[in-house]
Structures are given as structure tokens and as C-alpha cells.
Amino acid sequence: MKLALEFAGGSQTLVNNQTRHEIELADDKQWLMSDLLGWILENLLVDCSTPDLLIKDGTVRPGILVLVNDCDWELTGGLDSEISAGDTITFLSTLHGG
């Protein structure tokens with residue numbers, strides 16, 4: 001199953017400053033957002049010294065807006081949101097220094 005991950009608002013610094021990642025997940029199961037967060041930890045944040053700035057205790061940290069096809073994931077089920085082929089998942093940091 002192919003989908004896109006987008007990182008913006010500073011979250012891209014955690015994934016080698018790459019704002020868009022085209023990924024492919026195994027088709028052998030129904031993927032949930034909770035599964036995807038685990039995949040991100042194991043595959044995209046493996047070399048990151050501060051992965052907990054994005055994902056902590058099995059969910060995204062407060063201050064990170066998650067969009068599934070431009071819709072707030074809280075409206076689609078949060079961690080239990082089902083992921084489909086072709087989806088675009090966006091992680092947008094709303095926290096900014098100043």
C-alpha cells in the first residue's frame with residue numbers, strides 16, 4: 001500500500017529535513033494510525049536523536065497537528081484511524097520558538 005507522509009512547521013527537521021516521503025506499507029493487514037506511528041519510529045526516526053519531539057508514549061506529542069488527507073485525525077478516529085492506499089498523512093508542528 002503506497003501513501004505519502006508530509007512533515008512541516010519544523011517537524012521535517014526530525015526526518016532529515018525532507019518534507020515529503022513516499023512510502024509503501026505491507027498489504028497483509030489493515031493499517032491504523034497507531035501502526036503507522038510505530039513504522040515511523042522504526043524507519044524514519046531511527047537516526048534521530050530526539051524522536052520524542054514527534055512521537056511519545058505511542059502517540060504524537062501535543063503541539064503536532066496530524067492531518068489525514070487534509071482532515072484533522074481527531075475527526076477520523078485518532079490513533080484508530082484506518083489508513084488507505086493513496087492517503088496523505090501530514091504532521092504539522094504548531095509550536096514555534098521566538
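What follows is a short chat about a predicted model.

Biologist: What should I keep in mind about this model and its numbering?

Modeller: It is a predicted model, in which local features need pLDDT of at least 70, side-chain atom pairs count only at pLDDT 80 or more, and totals for chains, interfaces and linings use all residues. Residues are numbered from 1 along each chain as its sequence is written, and side-chain values use heavy atoms, with hydrogens and water left out.

Biologist: Which residues have the most contacts inside the largest nonpolar core?

Modeller: They are Leu5, Leu36, Ile40 and Phe91, in a core of 27 residues; such a core is a set of buried Ala, Val, Leu, Ile, Met, Phe, Trp, Tyr and Cys residues joined through side-chain atoms within 4.5 Å, where buried means under 20% relative accessible area, exposed over 50% and partly exposed in between, with a 1.4 Å probe and protein chains only.

Biologist: And which elements give two or more residues to this core?

Modeller: Those are strand S1 (2-8), helix H1 (33-43), S5 and strand S7 (88-93), and H1 gives the largest share, 5 residues; helices (H or I, at least four residues) and strands (E, at least two) are DSSP runs, numbered from the N terminus.

Biologist: Switching topic, where is asparagine 69?

Modeller: Asparagine 69 is in the loop between strand S5 (64-68) and strand S6 (71-72).

Biologist: Why does it count as partly exposed?

Modeller: Asparagine 69 counts as partly exposed because its relative accessibility is 41%.

Biologist: What does asparagine 69 touch?

Modeller: Not counting residues up to four places away in sequence, asparagine 69 touches Gly86, Asp87 and Thr88, contact meaning heavy atoms within 4.5 Å.
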